[in-house]
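Thanks for making time for this one.

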Amino acid sequence: MTAPQLNKSVALVVGTAATLVASILVAQFWQRTRRRRSKNKPKLSSSTCWPIVPGHRMFVRLSSLFDQIHEWAEEYGNDSGLFEFRLLGINYVVACRQDRILQLMQFRPNKLQRSARVRSVANSIGARGLFSSEGDQWKADRRLVVPALNRKNLRAYMKSMKVVSQRLVAKWSRLSSLSGKNVVGVNHDLYSHSVDVLSLAVYGKDANTLERLSDQTSKDVVAILDIGIIRMFSPIPYWEIPLVGPYLDGGGWIKARLIRALDDMITRQCRNSAEEEDDGDDDTTFLAKILALNQQSNNRMPRERLIGQLLTLFLGGSDSVGTLLCTAFWVLAADQELQQELVEEQFNNQFDLEHAKMECIMEKIPRMRSFFMELSRCYSPSPLIFLGANEDLNLGPLVVGADDAVVAKGTEVILMSQAASLHAVAPPTQIPLGPERGEPPSQFCPHRWLIAANKEEPVSGSSKVCVHLPSLKSGAHMSFGYGQRACPGKDFAELEFITCVSHVLLAFDMSLLDNGNNAALHQMQLTLHKRSHDSLNS
């Protein structure tokens with residue numbers, strides 16, 4: 001080894017050691033500061049009003065957290081709809097019944113807000129957007145984001161959805177032929193489908209991760225989402241450690257790359273908009289629309305906030321729709337009758353998917369829309385809602401003659417929205433029974449939201465039906481939020497879902513590999529056969 005190389009190696013070792021020592025010292029100082037602050041942290045003022053899970057949990061595996069909370073809900077939450085547990089020194093009050101969730105939601109948005117942990121994690125990964133904002137900032141974000149996602153503007157995104165769905169069908173046709181057994185693994189492709197749709201619709205970039213796996217921005221989005229989940233349930237908020245915290249899990253570098261990439265996209269879009277203004281071309285991406293809305297606003301949003309809106313939409317949309325699509329094909333592949341029913345609906349209504357306008361897609365396929373609504377209710381990609389009490393929340397007496405139950409300021413609150421919607425002991429009164437056999441809300445029923453045109457005919461089969469979907473203000477279920485804080489991307493997600501499922505169903509007759517004996521939702525393999533339309537046409 002030469003002298004310059006030796007000096008360089010020594011310098012690298014010394015520099016690494018110095019960084020490590022500095023990180024330890026900063027972490028110790030930071031933890032002591034937080035401990036001093038936490039001495040005055042308020043405790044629950046009425047914890048005896050609901051069951052308390054015994055013991056102090058130092059750690060629960062992230063992969064089993066939801067299952068553990070669900071078990072506690074069944075054991076402790078049936079009587080009052082509330083229970084409390086302590087994890088990593090933090091008290092959590094959990095609402096697991098619909099009436100309790102709606103009662104707590106009455107304190108939104110002022111007294112009950114996104115928890116401090118949720119806001120910290122969202123901001124740490126660059127998602128400073130509508131999801132994590134509160135108060136006046138939320139109002140400003142909403143004025144910009146909601147119009148860009150309304151039904152009028154959804155028309156512009158349909159082309160992107162159709163292009164990606166056609167690519168998915170072409171890829172599966174190719175793979176099923178190559179396998180020799182018509183077997184295709186689908187999970188990765190369905191998440192790639194969502195990433196590609198968002199890439200095209202949000203900022204006009206054709207990532208095409210379905211056919212190539214080299215798009216760095218898409219990889220960074222997936223990676224930063226995983227880091228966000230890890231941070232959300234970390235024992236300590238290590239990313240808040242000054243200087244070094246954001247880089248301990250690699251998130252700091254990924255975030256920086258994403259911000260640079262999105263900043264470049266905004267710059268290009270601004271330049272393209274100026275060039276296309278004379279041509280009269282319509283804006284066809286979410287980015288173009290929010291930039292135009294921001295330009296018209298009296299109180300313009302700073303560039304950092306615009307980047308946060310883009311990243312928020314991308315993170316939320318790619319994960320939630322990808323999860324719903326995986327679940328949808330798992331359900332459909334196991335239910336040939338439902339599969340055939342949805343295909344026939346498109347033929348009976350003379351539904352031309354390739355040339356259909358948005359109004360046609362949303363109005364002429366009620367069975368598909370009912371399936372989407374029930375699927376998102378029973379298999380929500382976001383089964384838990386994390387909030388925090390910004391003030392004391394007085395719930396009144398939980399039982400007759402009892403003292404008022406109070407959730408103290410600073411308490412972490414978890415709403416089990418999916419479990420509450422499926423509650424067998426106290427089923428939500430806002431959810432209708434199944435139209436054929438009176439299926440309770442605790443059961444999955446793809447026809448639940450259908451109404452027969454002729455009351456004497458069943459809603460299944462080929463009878464004429466319409467769909468009656470609940471208002472997001474009704475609290476019937478909260479897969480896309482509740483009231484004013486409902487997700488503005490709900491219609492976008494539904495349209496993407498319908499477009500993808502329709503393309504695949506028209507192309508393939510599908511079943512689970514080996515009749516489902518080896519089927520796993522997270523490693524799903526489907527047997528695909530080209531669908532024959534002769535019987536349908538006849």
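Predicted model: local features only at pLDDT ≥ 70, side-chain atom pairs only at ≥ 80, totals over all residues.

Arg 231 is buried, with a relative accessible area of 0%, where buried means under 20% relative accessible area, exposed over 50%, and partly exposed in between, computed with a 1.4 Å probe and protein chains only. Its side chain and that of Asp 249 meet in a salt bridge, at 2.8 Å from N to O, the term being used for a side-chain nitrogen of Lys or Arg within 4 Å of a carboxyl oxygen of Asp or Glu. The pair links distant parts of the chain, since Arg 231 sits in helix 8 and Asp 249 in the loop between helix 8 (216-232) and helix 9 (251-276), 18 residues apart. Asp 249, for its part, is partly exposed, with a relative accessible area of 26%.

Residues are numbered from 1 along each chain as its sequence is written, and side-chain values use heavy atoms, with hydrogens and water left out.

As for the protein chain as a whole, it has 17 helices and twelve strands, taken as DSSP runs numbered from the N terminus, with helices being H or I of at least four residues and strands E of at least two. Of its 538 residues, 50% count as buried. Among the contacts with a separation of 6 or more, 69% come from residues 24 or more positions apart, a contact meaning heavy atoms within 4.5 Å.

How many salt bridges does a search of the whole structure find? There are 18, and in general, side chains of opposite charge can pair when their charged atoms come close. Another of these joins Arg 97 and Asp 99, at 2.9 Å from N to O; here Arg 97 counts as buried at 10% relative accessibility, whereas Asp 99 is partly exposed, at 41%.

A further case lies in helix 16 (residues 490-507), where Lys 490 and Glu 494, being four residues apart, are separated by about one helical turn. The two form a salt bridge whose closest N and O atoms are 3.1 Å apart, and both residues are buried.

Which residues does Ser 318 contact, leaving aside its neighbours within four places in sequence? They are Tyr 191, Ser 194, Val 195 and Leu 198. Asp 196 is 122 residues from Ser 318 in sequence, yet the two are 8.8 Å apart in space, C-alpha to C-alpha.

The other is Gln 418, in helix 15 (residues 417-421), which counts as buried at 14% relative accessibility. With neighbours within four places in sequence again left aside, Gln 418 is in contact with Phe 66, Arg 377, Cys 378, Tyr 379, Ser 380 and Pro 383.

I will finish with Glu 75, which is found in helix 2 (residues 65-76) and, at 57% relative accessibility, counts as exposed.
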